[in-house]
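Student: I have a structure to go through. Can we test each label against its cut-off?

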Amino acid sequence: MKKFFTTLSNIWKIEDLRVRITNTLLFLLIYRVGSFIVLPGVNAATLDNAKAKEGLVGLLNMFAGGSFSRSSIFALGVMPYISASIVVQLLGIAVPYFTKLQKEGESGRNKLNQWTRYLTIGITALQAIGYLKSQVSADAMLIGNPYFIVLNTFVLTAGTLFVMWLGEKITDKGIGNGISLIIMVGIIAQLPAAFATEFQSRISGPGGLITFIVEIVALLGVVMFTILIVQGVRKIAVQYAKRIVGNKQYGGVRQYIPLKVNAAGVMPIIFAQALMFIPATVAQFFPNAASNGILIALSNYNSWEHNLVFGILIILFTYFYTAITVNPKQMSDDMKKNGGFIPGVAPGNATTTFIDEVISKITLPGSIFLAIVAIIPALASMVGVSSLFARFFGGTSLIILVGVVLDTLQQIESHLLMRHYDGLMKTGRIKGRSGVPAAVGTTPTAI
């Protein structure tokens, strides 16, 4: 405990770090206050919040910190911005123009950021119309159509752009990645209600206090398991040739390339979830197909068919996203330019092949572990855990929470060590990670 208070004192002594943490808390407070401001022309008392607890709507509501179910001005949150960032990243792989921008340094990143913002506006406008028509019932509208749709489409679009601006300000003036922190705060905001609901249901229903304690212990175990996945790396030794320039010696030391076991982060789960929503969407728009047994099974989040297909998709997308984000050829070329080589491996194509084989080997267990974490919420629901509390047992939300917390703590520790204070841990150092997609050109982050 003494170590903890000493660390807090050291953090407070560093003026720059103190200002950044204060700015971050103030920006996040603004976001949370805005999430309770209801759209103009909406009667909040008549909103049906019960329908925002299940399926895709429940997941979006969690990422938006409850704003989705409250018809807040921030109802769409940063998800359109995340979607636009993913599209721009994929365009950087498929379209030569965007590939060229990615290699142009700061100017190229600025242009990609502009494209991301423009695309965010378009995606938000389309999602806003769909949200108003599907989530706001007619009896909750105090203004007649089409004025209600037009007005609130502008409001929701402006709300998402304001949240995007807050995220960029947190990244610039605060600590950690702003977009990731906003998503994390939205997820954490749902935790007290989920915790209280599960506690009350266990106390008044079957299981009792012992079952609730077992659930908490299981949750801690899943968190530790997730940390192992996020932090796991395979180090490849690299030897650099010795060079003497004047009176100074350069190189001649051994370093390591840390290849992450889960280099794809949370993206495979996001892609897989997007595909798993297709059966439910088909059943909704085509009533004749709703009675199909396969569609029913795939639309049921607790069925073994749904979770089996979901797990397989996650494994496939992990390989796909790792292949497009980790470039062994570029790593080999950079190593060769700097006079480095892997002991026992010839430079050039042999090094590229070696790195590619190592990545393939570590991606398999990483993808399987990621799939297990993703289906744990469904397994928790099957054994009686409430659906709201079960979401914290794994999946996108837990990986985002773990990744963002580790990344933020790593930045705080960097500030401490840079000013010759002790780090946050007695032994070792906190390692950051890459996970949730951020805006192009910013620090890797969430969804």
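Tutor: Begin with the polar contact: a pair of N or O atoms within 3.5 Å; within protein, one must be able to donate a hydrogen and the other to accept it, and residues adjacent in sequence count only if both atoms are side-chain atoms. This is a predicted model, where local features need pLDDT of at least 70, side-chain atom pairs count only at pLDDT 80 or more, and totals for chains, interfaces and linings use all residues. Residues are numbered from 1 along each chain as its sequence is written, and side-chain values use heavy atoms, with hydrogens and water left out.

Student: What makes Asn 327 a cap of α15?

Tutor: A side-chain oxygen of Asn 327 lies 3.1 Å from the backbone nitrogen of Lys 329. The limit is 3.5 Å. Asn 327 caps the N-terminal end of α15.

Student: Which residues of α15 are buried?

Tutor: Buried means under 20% relative accessible area, exposed over 50%, partly exposed in between (1.4 Å probe, protein chains only). In α15 (residues 328-337) the buried residues are Pro 328, Ser 332 and Met 335. They cover an arc of only 65 degrees around the axis, so they sit on the same side of α15. The arc is that of the directions from the helix axis to the C-beta atoms.

Student: Why is Ser 71 called buried?

Tutor: Its relative accessibility is 1%, so Ser 71 counts as buried. Ser 71 also has a positive phi of about 50 degrees, although it is not a glycine. Most residues other than glycine have a negative phi. Ser 71 is in the loop between α4 (67-70) and α5 (79-94).

Student: How many aromatic pairs does a search of the whole structure find?

Tutor: It finds 12. Rings of Phe, Tyr and Trp (its six-membered ring) pair if their centres lie within 6.5 Å; planes under 30 degrees apart count as stacked, over 60 as edge-to-face and the rest as tilted.

Student: Why is the pair of Phe 68 and Tyr 131 called edge-to-face?

Tutor: The ring centres of Phe 68 and Tyr 131 are 4.8 Å apart and the planes are at 75 degrees, so the pair is edge-to-face. Phe 68 lies in helix α4 and Tyr 131 in helix α7, so the pair ties together parts 63 residues apart in sequence. Phe 68 is buried at 9%, and Tyr 131 is buried at 3%.

Student: What makes Phe 195 and Phe 389 a pair?

Tutor: Their ring centres are 6.4 Å apart and their planes at 75 degrees, so this pair is edge-to-face. Phe 195 is in helix α9 (residues 178-204) and Phe 389 in helix α17 (residues 387-390), 194 residues apart. Phe 195 is partly exposed at 38%, whereas Phe 389 is buried at 0%.

Definitions and conventions
Helix = DSSP H or I, 4+ residues; strand = E, 2+ residues; numbered from the N terminus.
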